[in-house]
Amino acid sequence: MTTATTDAATREQLLDMQRRMHEIRFFEDITKDWFSRSLVRGSTHLGQGQEAVSVGVTSALREGDTTTCTYRGHATVLAQGAPLDRAFAEILGKEQGLCGGKGGSMHLTDLSVGALGSFAIVGAHLPVSTGAAWAAQLLGTGAVSATFFGDGAANIGTFHEAMNLAGVWKLPVLFVLENNLYGEYSPIATTTANTDLRGRADTYGMPGVRVDGNDVEAVREVARQAVDRARAGGGPTLIEAMTYRQSGHSRSDPAAYRPPGELDEWLARDPLLVAARRLGELGVSEAELDAVRDRAQETVRAAADRALAWDEPAADRRFDDVWETR
């Protein structure tokens, strides 16, 4: 009886995470199409293939918790609960965008759901989540902060500063390292002497855990343990999620530097496929899986249509909230 109940809960939970991953994937499919048609204001960086990290971690969070992420942050901000249509509107530069159309793809922010922002400067957001965790500790709110960053940021000074401070003060923060094997165009082994990045946690007095970043269930479980530890006053955790971005660094990057066969190997372990196989083991039919995917696609398409129909910023308001130093 206990096993059946657990399986039922797992099945519904995993179906919901699969839906969210599909929505993020379709969101980026449309964003990619818009960029090719010059509808996107500014640049955009896709994280297709990495959805399980954001969805798995945020599934372990609760209302009042916060996140920060990189410029490749669509998945994290959407997984945290930002509305699809307003995120689309931001990328289009529309007035109804999350930031009034002034931030674009690389600066998605929605404070109402605890998404404190995606940051274009590598590593700049780690101290922000560390600060949010410090505030939660001082105020006694019980909130946890999670910061998502790439393997390239692990060589940035703010990584070490934030980790050290969090370790000293035992702050309730998760450092989520999305190790997709490349820092922009450079394979990790060409820029980092020791590629076992989870080991850096030892230096700062916190646990370091490596997890399959394409398995959303595994990510959620590791995150749940880290969140529970943080809420109980046990301090931070470094989670190294091994994953892969399926496209280049940005829309102008064909990723010709990847060795032959590498992409195909990772495509066979696409997080959507991994979750679908697990759901099949739990008794979910192909028809049910197709229905989840189709509903997600309809939801995202409707959100995109709303965003396309919304207004351009009024000319006399384009510089509201923009400060100039002289």
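This is a predicted model: local features need pLDDT of at least 70, side-chain atom pairs count only at pLDDT 80 or more; totals for chains, interfaces and linings use all residues.
Let me start with helix α8, which covers residues 216-231 and lies across β4, β7 and β8, running at about 155 degrees to β7. The axes behind such an angle are lines fitted to C-alpha atoms, for helices over the stretch in contact, and the angles run from 0 to 180 degrees between N-to-C directions. Contact here means heavy atoms within 4.5 Å, and the helices (H or I, at least four residues) and strands (E, at least two) are DSSP runs, numbered from the N terminus.

Residues are numbered from 1 along each chain as its sequence is written, and side-chain values use heavy atoms, with hydrogens and water left out. The pLDDT is the predictor's confidence in each residue, from 0 to 100; the protein averages 91, and 93% of the residues score at least 70. Over residues 1-5, however, pLDDT stays under 50, and for this stretch the model has zero contacts beyond four places in sequence.

Now to the sheet. In what order do the six strands of the open sheet stand? The order is β2-β1-β3-β4-β8-β7, with parallel pairing, where two strands pair if DSSP finds at least two bridges between them. At the edges stand β2 (115-119) and β7 (208-212), each with a single partner strand, so one side of each has no neighbour in the sheet. On average, and with direction ignored, neighbouring strands of this sheet are turned by 15 degrees against each other.

Let us follow strand β3 (residues 145-150), which runs parallel to β4 (residues 173-179) and is joined to β4 by six bridges. Among its residues, phenylalanine 149 has leucine 177 in β4 as its bridge partner. Strand β1 (residues 66-70) also pairs with β3 in the parallel sense, over three bridges, and there threonine 66 stands opposite serine 145. Is β3 mostly covered or mostly open? Five of its six residues are buried, so to speak of it as mostly covered follows from the definition, buried being under 20% relative accessible area, exposed over 50%, and partly exposed in between (1.4 Å probe, protein chains only).

The next topic is the nonpolar core, meaning a set of buried Ala, Val, Leu, Ile, Met, Phe, Trp, Tyr and Cys residues joined through side-chain atoms within 4.5 Å. The largest one has 58 residues, and those with the most contacts inside it are Phe27, Val57, Phe88, Leu174 and Val216. Helix α1 gives the largest share of this core, nine residues. There is also a second, separate core of 19 residues, which includes Phe149, Ala166, Tyr204 and Leu238. As for valine 57, if we leave aside its neighbours within four places in sequence, this residue is in contact with Ala146, Phe148, Leu174, Val176, Val219 and Ala223.

Turning to aromatic rings, I count rings of Phe, Tyr and Trp (its six-membered ring) as a pair if their centres lie within 6.5 Å, with planes under 30 degrees apart called stacked, over 60 edge-to-face, and the rest tilted. By this rule there are six aromatic pairs. In one of them, the rings of phenylalanine 27 and phenylalanine 88 have centres 4.1 Å apart and planes at 20 degrees, so the pair is stacked. Phenylalanine 27 belongs to helix α1 and phenylalanine 88 to helix α4 (residues 84-92), 61 residues apart, and the pair thus links distant parts of the chain. Both phenylalanine 27 and phenylalanine 88 are buried. Tyrosine 244 and tryptophan 266 are also stacked, because their ring centres lie 5.2 Å apart and their planes stand at 5 degrees.

Serine 38, in the loop between α1 and α2 (51-58), has a positive phi of about 60 degrees although it is not a glycine, and serine 38 is exposed, with a relative accessible area of 65%. Leucine 181, in the loop between β4 and β5 (182-183), likewise is not a glycine and has a positive phi, of about 80 degrees. As background, most residues other than glycine have a negative phi.
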